[in-house]
Amino acid sequence: GRCLKQSRVEWPQDIWDRLVTFANSNGNITNSDLEMAVKVLGWQVLEAVVPTRHVHAGVCSDNSPTVAWQLRGALKQSVVANHLLCVLAVRLRINRTSPLITKHLAGDRNALGNIPSRLFGYKE
């Protein structure tokens with residue numbers, strides 16, 4: 001089989017500057033927003049490497065807000081996540097893909113799902 005080399009990709013500095021942390025309580029991007037962004041990016045990568053038209057697909061996440069947002073399809077608390085959900089919905093509609101089946105899977109049982117998050121270099 002083929003082996004993918006894992007390389008870290010850093011979020012751009014303007015994203016880091018907007019991230020809510022203990023040192024930056026005025027930020028407007030949360031860790032959960034970044035997790036949602038990783039799910040959208042992951043879907044776009046999947047679109048690029050396999051046929052996704054008319055498929056049923058599922059994703060797992062260890063981030064409870066991301067799972068809830070994807071299940072609901074909208075939210076009031078995060079403008080960032082709402083925009084990301086719209087991007088995902090448009091991509092699914094363009095491909096005529098069924099809504100994603102989203103399940104919560106704890107991090108220690110979700111090694112594959114944790115790869116994209118870890119590759120973007122975020123550490124709490």
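**Helix packing**

Modeller: Helices α2 and α3 cross in a right-handed way. Right-handed means the near helix is turned clockwise from the far one by less than a right angle; anticlockwise is left-handed. Helices are DSSP runs (H or I, at least four residues), strands are E runs of at least two, and both are numbered from the N terminus.

Biologist: Is this predicted or experimental, and what are the ground rules?

Modeller: This is a predicted model: local features need pLDDT of at least 70, side-chain atom pairs count only at pLDDT 80 or more, and totals for chains, interfaces and linings use all residues. Residues are numbered from 1 along each chain as its sequence is written, and side-chain values use heavy atoms, with hydrogens and water left out.

Biologist: At what angle do α2 and α3 cross?

Modeller: Roughly 60°, and their axes come within 8 Å. Axes are lines fitted to C-alpha atoms, for helices over the stretch in contact, and angles run from 0 to 180 degrees between N-to-C directions. The pair is therefore oblique. Under 35 degrees counts as roughly parallel, over 145 as roughly antiparallel, 65 to 115 as roughly perpendicular, and the rest as oblique.

Biologist: Which residues of α2 and α3 make the contact?

Modeller: From α2, Ser 32, Asp 33, Glu 35, Met 36 and Lys 39; from α3, Pro 65, Thr 66, Trp 69 and Gln 70. Contact means heavy atoms within 4.5 Å.

Biologist: Which residues of α3 are buried?

Modeller: Thr 66, Val 67, Trp 69 and Gln 70. They fall within an arc of 165° seen down the axis, so they line one face of α3. The arc is that of the directions from the helix axis to the C-beta atoms. On the other side, Leu 71 and Arg 72 are exposed. Buried is under 20% relative accessible area, exposed over 50%, partly exposed in between (1.4 Å probe, protein chains only).

Biologist: What covers that buried side?

Modeller: The cover includes α2, β1, α4 and β2.

Biologist: New topic. How do α2 and α4 sit?

Modeller: Their axes come within 9 Å and cross at roughly 15°. They are therefore roughly parallel.

Biologist: Which members of the largest nonpolar core touch the most others?

Modeller: Met 36 and Leu 88, out of 20 residues. Such a core is a set of buried Ala, Val, Leu, Ile, Met, Phe, Trp, Tyr and Cys residues joined through side-chain atoms within 4.5 Å.
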